[in-house]
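Please look over the local features of this chain. The report below walks through helices, backbone exceptions, charged pairs and surface.

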Amino acid sequence: MSGDAGGGPARQKRPRALERARVGWPRALRELKDLLYEVYLAAGTPSLDAIAADIGNADFEDHAILGAPSRDTVRRIISDPVQPPNQADVVSVAVVLARGAAWDASDLAGRVRDLWVQARMARGVGRPLGEFDDRHVLADLEVHPALDTGNACDRFGVLPAYVQRAHDEHLAAVVDAAETGRSGIAVLVGGSSTGKTRALWEAVRELPASWRLWHPLSPARPDAVLGDLADIAPRTVVWLNEAQLYLGPDPLGEQVAAGVRSLLHDLSRAPVLVLATLWPEHWDVLTIRTDPDRHAQARELLHGHKIDVPDAFTPEELAELADIAGDDARLTEAAERADNAQITQYLAGVPALLDRYAVARNATRALIHAAMDARRLGAGPHIPLEWLAAAAPGYLTDAEYHALDDDWLPQALDYVTAPCNGIPGILTPVKTDAARNQRNRRATGAKAASTGRSPRDTPGPHYQLADYLDQHGRRHRKETIPPIDFWTAAAHHAHPTDLNVLGNAAWNRGLYQDAAQLHKHATPHGNSHAPTTLIAHFHRLHPTDPRPAQWAAAHVPLDNPDEVGLLLSALREAGAQEQMNTLLARDPATHAPLDNPAAVAQLLEELREAGAQEQMNTLLARDPATHAPLDNPAAVAQLLEELREAGAQEQLSVLAARAAAHVPLKNLYAVAKLLEVLWEAGAQEPMNTLLARDPATHAPLDDDTHPFTLLLYWLREVGAQEQAEALVTRAAAHVPLDNPNTVVWLLEELREAGAQEQAEALATRAAAHVPLDSPYAVAKLLEVLWEAGAQEPMNTLLARDPATHAPLDDDTDPFARLLSRFREVGAQEQAEALATRAAAHVPLDHPYAVTQLLENLWKAGAQEQMNTLLARDPATHVPVDSPYAVTPVLEALWKAGAQEQMNTLLARDPATHVSLDRPLGVIRLLKALLKAGAQEQLSVLAARAAAHVPLDNPYAVTQLLEALRKAGAQEQTDALATRAAALGLFEEFIEAEGKLEQFRFGREPNGSAASPWSWDDLE
């Protein structure tokens, strides 16, 4: 039927708004396209014809409009993610839109011209790979130089011939994927000098010479990444050697990890290749969850991307080395002399370094130990000589100290810096006075003075400890507490960014006074946690002394809103009103940068909680809503929430409109969160703008159901029922049937949405097609069909006889779960068949599978099948070197009353053989042995654990101390507590030993209780 059937004029359909251009790089082009799209929306989304007509109809003397873009060119200028070739066309479009939006057309034209030029000139960080040669690799990428035997470096090159190893294949797969257009990350994890950086270079050199390589180094590694992250172009390798230096520092490390994660997920900037190296101990620090969780972003970034680099060559690799060595004396010597096939370590000069370290004496050895301790306790790689020189005397005995020559330091430096066979010495001098090849160098001087940030430098020479000796010190000195001189020298000479972490290391070892001094000096240098840590620690020792809070309020840098916000919160909770007034009088609202919406939101919140209305008004008057970048949707949502709480309605409207127009629709978390915030703020117009962009159609259909659920919930909550139904319908049509989690989730969502027809169709499809060789999938589907009362699909599934098809070679418990589901839904015949098969055929070298089956059979009273399983002698097959293998089997046997099998297992002496690398597993085994009454085994394991269990997890140590105490192993409890104190778990030590009062003021490095001290004793 025609549109004018009713006699009126035909209704004109409004043209659909143009899509926003998705630009990843360069930053100037992204800002240009965002600016054009923002003015396009403000002008009411005029049609392409209207824009082109307004430009064509411009007066001849209108010098602001000099271009003549066609309709299609206008579309490309606004919506295409590429650089428009003609500046005049772009400016003309901007001017016409500015006039339509009642913006300042002249100002906008100037901004557009500047951004167009910046985008055209952009080159991206780093250098083309084609500019790197082997000597650049040694100098710029931190690849270890090889020893120089028989002038081999001159004859064969500075890098010896390379032997491909197993890890190179895994690395090549990531690099090849990047070359084909998919961003990726690879993290080589291995000990020092195992060839990690060399392997990265060998992989990278296969990329086209036009790719760029960026190794961010200065002013400090995390600052370098954060400063230039937005300037990383597609086809760039980001080189993060020693990734702990980028991801570990607090708080910048988490910002770096979050930024790199966003970079890898940004399709508009693909492909980008991130290559990193870590020692195993650093991998553990960054990936093991702790409380508080300091490295959540780093853990997510690294998870699933680890490539292990072994210490030694395999026999096959040694044979290949012999084939390629030829006349290269370096390779021949390494093949003949390297201990335990550790070829790369030999080439890197490790034996020579260890020999020189072993024979170093007195002051020379003290200087090396000071450097080792500085690195293992948190200092960066470049250590000031003043620190080492001031610390070294503290390591000497009285006799050694009094025998020192006046020129002991030059003599020691001559020894430790002397190269050996072309390999750098124990300490290497490094230049730290200037940044090279870096943009965005941080301002100093006037800015530092205005914000309260201290400009403290670390002048004089700096030295870097040889990589392998760094690792050697971490392993062999980990239970050593450095002397007083080390800590006092650190407070005066350590780099400002290291002061807070060194303060934490001192406190964790019971050196409370040294910790307070370090945290006091750290406070003016911009670490978010130093001021609050100083206040909290001092309050525990001297609860009525206001001076730490006063110091923090007067010296905290004002250009870090995170730090100011945390300090305001701490002062408010402590009731320190006078100190809070001191901080507010310094006017933090004027100095806070506006480029971090989350930090601005936190500062606004703390100002509101403190009742600092004047400071709130000052901050809001600076218009954070207009200045907030939109590239972090979660941070934008946080700022929107805080603007609503602050009653800043105008700013809320501005930011809401910007966010609704720019939020990436493929980021379901971001869309859902923004819908939530807009709905709670009653911002109907921005919410309509967002919904008009049709997020339900753009939502990616992948296996991650949580963001789907979140978006679906908020679409329903805000009344966008049509979009919610469209989203569910799309998902139902595309869901992969081999993913039980997704199928189950979708069935539940369809039922909740009342989409009964789609739910029944999906249930029927799933029952007929779910893979029967996946017992987990079958069990999960049975569960949801049973709960839904879907009897017909359930009968279809059971008729396919899943009990016969379930594999029994898995090392988890899926068939045990399936067995439970069969019984739950009344499929007794299937349950019986599966139990009989499992008891006879479950692999006995998979202890978790055995355990789950045994417990299920015991619970079901299936005595016949249980006897069949026990007759196969599972206790003989359990690997006794793993607590996570031994313990569940021992527990299951104890529950089932299988005493004979328990005795068989205990006779294999698991307490002597079990690995101690997993403390929580050791704890569980201790408890199981106690429950089983295996006292002899319990005593053996307790003694081993107290002496040797690794203590890098405070929670595990606390639990182990408790387990030993409950087992009556007091001697072992005392031994473990003493070890814990030296390793940074002093609090656990004094609590376990009941010595809180004795060590109220901490202790000295020699273990004695510290004398009372106060704020007056700090410098």
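This is a predicted model: local features need pLDDT of at least 70, side-chain atom pairs count only at pLDDT 80 or more; totals for chains, interfaces and linings use all residues.

Residues are numbered from 1 along each chain as its sequence is written, and side-chain values use heavy atoms, with hydrogens and water left out.

Helices (H or I, at least four residues) and strands (E, at least two) are DSSP runs, numbered from the N terminus. Buried means under 20% relative accessible area, exposed means over 50%, and partly exposed lies in between (1.4 Å probe, protein chains only). Contact means heavy atoms within 4.5 Å.

Helix H53 covers residues 883-896. Its 14 residues reach 20 Å from first C-alpha to last, close to the 20 Å expected at 1.5 Å a residue. That expected span is 1.5 Å times one less than the number of residues. H53 is mostly covered, with ten of its 14 residues buried. Among them are Pro883, Pro888, Leu890 and Leu893. What do the buried residues of H53 pack against? Their partners are helices H50 (847-860), H51 (863-871), H54 (899-907), H55 (910-913) and H56 (919-932). Gly897 follows H53 and has a positive phi, near 70°.

Helix H56 holds Ile923. Ile923 counts as buried because its relative accessibility is 4%. Leaving aside neighbours within four places in sequence, Ile923 is in contact with Ala956, Gln959, Leu960 and Ala963. Ile923 and Ala945 are 22 residues apart in sequence and 9.1 Å apart in space, C-alpha to C-alpha.

## Backbone exceptions

Most residues other than glycine have a negative phi, and most peptide bonds are trans.

Two are cis peptide bonds. One joins Ser218 and Pro219, with omega about 10°. Pro219 sits in the loop between strand E3 (212-214) and helix H10 (221-228). Another cis bond joins Ala270 and Pro271, with omega about 0°. Pro271 is in the loop between helix H12 (252-265) and strand E5 (272-278).

Two are positive phi values in residues other than glycine. Thr45 has phi near 50°. Its loop runs between helix H1 (27-42) and helix H2 (48-56). Ala341 has phi near 60°. Ala341 lies in the loop between helix H16 (329-337) and helix H17 (343-347). With a relative accessible area of 18%, Ala341 is buried too.

## Polar and charged pairs

Asp34 is in helix H1. At 18% relative accessibility, Asp34 counts as buried. Its side chain makes a polar contact with the side chain of Arg20, at 2.9 Å. A polar contact is a pair of N or O atoms within 3.5 Å; within protein, one must be able to donate a hydrogen and the other to accept it, and residues adjacent in sequence count only if both atoms are side-chain atoms. Not counting residues up to four places away in sequence, Asp34 touches Arg20 and His662.

A salt bridge is a side-chain nitrogen of Lys or Arg within 4 Å of a carboxyl oxygen of Asp or Glu. By this rule the count comes to 39 salt bridges. The table gives three.

| Salt bridge | N to O distance |
|---|---|
| Arg205 and Glu202 | 2.9 Å |
| Asp373 and Arg376 | 2.8 Å |
| Glu987 and Arg540 | 2.8 Å |

The Glu987 and Arg540 pair links distant parts of the chain, 447 residues apart. Glu987 is in helix H60 (residues 986-992), and Arg540 is in helix H28 (residues 530-541). Glu987 is partly exposed at 25% relative accessibility. Arg540 is partly exposed as well, at 40%. Elsewhere, salt bridges that share partners join Asp72, Arg75, Arg76 and Asp80 into one network.

Asp373 and Arg376 both lie in helix H19 (residues 362-376), three residues apart, about one turn of the helix. Both are buried. In the remaining pair, Arg205 is partly exposed at 36%, whereas Glu202 is buried at 13%.

## A nonpolar patch

Tyr884, Leu920 and Tyr955 make a nonpolar surface patch of about 300 Å². Patches are made of residues with over 30% relative accessible area and no salt bridge; like charges are joined within 9 Å, nonpolar side chains (Val, Leu, Ile, Met, Phe, Trp, Tyr) within 5 Å. Accessible areas come from the Shrake-Rupley method with a 1.4 Å probe, and for residues only the protein chains shown count as cover. Tyr955 lies in helix H58 (residues 954-966). Tyr955 is exposed, because its relative accessible area is 52%.
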